[in-house]
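Please look over the sequence and the structure shown here before reading on.

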Amino acid sequence: FFDVTINRVVHPWRVIPKGLMTRERALKYYFVLLALSLAVLWTVGMWAFAVGVFFNAALLLYSWRMRQVNGPAANIIIALTMGSASAFGGFAIGVVMDWVVLTLFVVGFLLSLAREILADVEDLRGDNLGRLRTLPMIAGISFTVRCSAVALLSLVFFSYIPVVIGEFDMRYALAVTPLNLLLFYAGMQML
């Protein structure tokens, strides 16, 4: 909705730039989905509802102003949103925080952060048109790619902490190792 000009250049296949939906219809659709999401979250519980309200407000702020003011902070908001999916799962079963929820949160956050940072490099041309202040514009492409690599390598490190402290067993370690090898390789290639 807010990035139509940029998306015409960088993501012309999206529904608004492609002309499949008007901005006005997208705004109505947003409010319907917002109301539905908050209604569902209310049925899950107060914690889920409160976190949902926070992230809906944060995403609106992100879309409306944050990317223009501070791209790196916007990347963190998106990554926090993605990481919070595990917290919602925990709330749904009555667990506010434990090692499973925390591990999934951090892994989701770091993976999303690495992806968001790299997406800023990919979207550089369009973001330039929109005069956004993204990390590659502020600090350069090379630094930005290294930041993404650090997020990936941190994810690999963090994913094994629950095994080291005895919260998860070796089955978990064996399950995450193939993906971690790929992430480690990608992170090392980007350094």
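Contact, as the word is used in this report, means heavy atoms within 4.5 Å. The structure is a predicted model, and the descriptions below should be read with that in mind.

## Helices H4 and H5

Helix H4, which covers residues 71-92, and helix H5, which covers residues 99-122, have axes that come within 7 Å and cross at roughly 155°. Because angles over 145 degrees count as roughly antiparallel, H4 is described as roughly antiparallel to H5. The crossing in which H4 passes H5 is right-handed.

On the H4 side, the residues that meet H5 include Asn75, Ile76, Ala79, Met82, Gly83, Ser86 and Gly90, while the H5 residues that they meet as a group include Val101, Leu104, Phe105, Gly108, Ser112, Glu116 and Asp120. Sorted by class, the contact of H4 with H5 comprises twelve nonpolar, seven polar and two charged residues.

## Two buried threonines

Thr81 lies in helix H4, and with a relative accessible area of 18% Thr81 is classed as buried, because the cut-off for that class is under 20%. When its neighbours within four places in sequence are left aside, Thr81 is in contact with Phe55 and Leu59.

Thr134, by contrast in setting, is placed in the loop between helix H6 (124-129) and helix H7 (135-139). Thr134 is also buried, with a relative accessible area of 2%. Leaving aside neighbours within four places in sequence, the contacts of Thr134 are with Gly71, Pro72, Asp120, Leu124 and Asp127.

## Aromatic pairs

In one of them, the rings of Trp42 and Phe49 have centres 4.9 Å apart and planes at 85°, so the pair is edge-to-face. Trp42 is exposed, with a relative accessible area of 52%, whereas Phe49 is partly exposed, with a relative accessible area of 21%.

Phe54 and Phe55 form another edge-to-face pair, with 5.0 Å from centre to centre and 75° between the planes. Within this pair, Phe54 counts as exposed at 52% relative accessibility, while Phe55 counts as buried at 11%. Phe55 is also one of the residues in contact with Thr81, and Phe55 therefore belongs both to an aromatic pair and, like Thr81, to the buried class, which is set at under 20% relative accessible area.

Notes
Residues are numbered from 1 along each chain as its sequence is written. This is a predicted model: local features need pLDDT of at least 70, side-chain atom pairs count only at pLDDT 80 or more; totals for chains, interfaces and linings use all residues. Side-chain values use heavy atoms; hydrogens and water are left out. Axes are lines fitted to C-alpha atoms, for helices over the stretch in contact, and angles run from 0 to 180 degrees between N-to-C directions. Helices (H or I, at least four residues) and strands (E, at least two) are DSSP runs, numbered from the N terminus. Angles under 35 degrees count as roughly parallel, over 145 as roughly antiparallel, 65 to 115 as roughly perpendicular and the rest as oblique. A crossing is left-handed if the near helix is turned anticlockwise from the far one by less than a right angle, and right-handed if clockwise. Ala, Val, Leu, Ile, Met, Phe, Trp, Tyr, Cys and Pro count as nonpolar, Asp, Glu, Lys and Arg as charged, and the others, Gly among them, as polar. Buried means under 20% relative accessible area, exposed over 50%, partly exposed in between (1.4 Å probe, protein chains only). Rings of Phe, Tyr and Trp (its six-membered ring) pair if their centres lie within 6.5 Å; planes under 30 degrees apart count as stacked, over 60 as edge-to-face and the rest as tilted.
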